[in-house]
Structures are given as structure tokens and as C-alpha cells.
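User: Please take me through the features of this model one at a time, giving the general idea and then the case at hand.

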Amino acid sequence: MPTMTGEPVVGVQGPPGDGPGFVAWVRPHLVAMARLAGRLAVGADRDDIVQEALARAWAKRSQYDASRGTPSAWLLAITADQARKAVRRMRPGGTSLSLIDEVTGAPVSRPDLDARMDVDHAIMSLSARQRLAVDCYYFADLSIADTAAVMGCSEGTVKSTLSDARNRLRTLLEVTE
């Protein structure tokens, strides 16, 4: 069964021990790593998170086990861990998007941002486990199997977690007219 980057689960080689080989091995996964870092650590520098994850992956490359999952799942699990660490390091009241006009000082109404903020707020109200499942499956485009590998649980647990998250989001985002 191929994963989001097209590599089969069976027969996947571990990361090469040399620098250029390792770079080629991780390159197909960089976009997904950056996307996941940006979703999990809003306000933190996602490039820094990806760099930390890559450094960690390089240091732990001998621990990669192809029988336990794909390179994508392994790298995204490391990225998720680094994103959680970045969130813990952030100061309370970190950077936020200003909705104040700098010239007039008046509030700025932006329907596109309002809708996105509603969805982001709803997602942030999910449990950490539900957020991780939603971010991996819907925002990083991982399969159920790869999401399970990132989360360290079974595929059935991912499916039920996603179902619970969708039900919660449906309730939170319900529009009444």
C-alpha cells in the first residue's frame, strides 16, 4: 500500500548514513513536515521546527525501522514532537494576527479571516489527540495508517478519534439562521 509520497511500506530502506543521501531521503517529506509544524505550533517558526526535526532525525537515523512504518510517518512523528516542544517554549500571549488598522486604530473586519479563525478556534478546542489526528489526516494528507504511525496507536483508534473530532467540530461550527 503506497503512502502519500508514493513509497511502499514493504521494502523501504532506512535513511542513508551520508549527508547527501540523507538529504535525498528526506526531501520528498519536507512539505508535509512544514505543513504539520505550521498546524501544530501556530505562532512558532515552522522552519525552525522542521530544522530541529531534521537534526533529530539525523541523530536518530539508526533507530528508523521500516517494519514499523514509512519514512513519512517516522519523520512526521519527529516533527510533531518538535512542534509540541516549540509550543511549550513559547511565551504566554505569543504573537497574534493584528486586526487593528495601523493608520486609524479602528478594528478591521475581514470575513475571510473571521471564518478561518472560527475553524482554527474550533480545532484548537479539540483534545490534543484529536487535533493531532485532524492535522495529520486532513492538513498533512497522511493516510490512516501513516496517521496511526505518527500517533503511535492503531488504525481503528485513528478512525474513532477522527469521527469524534468531526462530531465535535460539527457541533462547534453549527450555523443557525
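**Reading contacts, burial and pairs**

Analyst: Leaving aside residues up to four places away in sequence, Gln82 touches Ile49, Glu52, Ala53 and Arg56, where a contact means heavy atoms within 4.5 Å. The model is predicted, so local features need pLDDT of at least 70 and side-chain atom pairs count only at pLDDT 80 or more, whereas totals for chains, interfaces and linings use all residues. Residues are numbered from 1 along each chain as its sequence is written, and side-chain values use heavy atoms, with hydrogens and water left out.

User: Where does Gln82 lie, and is Gln82 buried or exposed?

Analyst: Gln82 is in helix H4, helices being DSSP runs of H or I with at least four residues, strands being runs of E with at least two, and both being numbered from the N terminus. With a relative accessibility of 6%, Gln82 counts as buried; buried means under 20% relative accessible area, exposed means over 50%, and partly exposed lies in between, using a 1.4 Å probe and protein chains only.

User: Which other residues of H4 are buried, and what covers the buried residues of H4?

Analyst: The buried residues of H4 are Pro71, Ser72, Ala73, Trp74, Leu75, Leu76, Ile78, Thr79, Ala80, Gln82, Ala83 and Ala86. Their cover includes helix H1 (19-26), H2, helix H3 (46-59), H6 and helix H7 (144-151).

User: How should I check the span of H4 against its number of residues?

Analyst: The expected span of a helix is 1.5 Å times one less than its number of residues. For the 19 residues of H4 this should give 27 Å, and the end C-alpha atoms of H4 are 27 Å apart, which agrees.

User: How many salt bridges does a search of the whole structure find?

Analyst: Side chains of opposite charge can pair when their charged atoms come close. The search finds three salt bridges, a salt bridge being a side-chain nitrogen of Lys or Arg within 4 Å of a carboxyl oxygen of Asp or Glu. One of them joins Asp135 and Arg39, with the closest N and O atoms 3.1 Å apart. Asp135 lies in helix H6 (residues 128-139) and Arg39 in helix H2 (residues 30-40), so this pair ties together parts that are 96 residues apart in sequence. Asp135 is buried at 2% relative accessible area, and Arg39 is buried at 14%.

User: Which residues are linked in a network of salt bridges?

Analyst: An α-helix has 3.6 residues a turn, so residues three or four places apart point the same way. The network links Asp81, Arg84 and Lys85. Asp81 and Arg84 both lie in helix H4 (residues 71-89), three residues apart, about one turn of the helix, and their closest N and O atoms are 4.0 Å apart. Between Lys85 and Asp81 the corresponding distance is 3.5 Å, and these two, being four residues apart in helix H4, are separated by about one helical turn. Asp81 is partly exposed at 26% relative accessible area, as are Arg84 at 39% and Lys85 at 24%.

User: How many aromatic pairs does a search of the whole structure find?

Analyst: The search finds six aromatic pairs; rings of Phe, Tyr and Trp (its six-membered ring) pair if their centres lie within 6.5 Å, with planes under 30 degrees apart counted as stacked, over 60 as edge-to-face and the rest as tilted. Trp25 and Tyr64 form an edge-to-face pair, 5.4 Å centre to centre with 75° between the planes. This pair links distant parts of the chain, since Trp25 is in helix H1 and Tyr64 is in the loop between H3 and H4, 39 residues apart. Both Trp25 and Tyr64 are buried, and ring pairs link Phe22, Trp25, Trp58, Tyr64 and Trp74 into a cluster.
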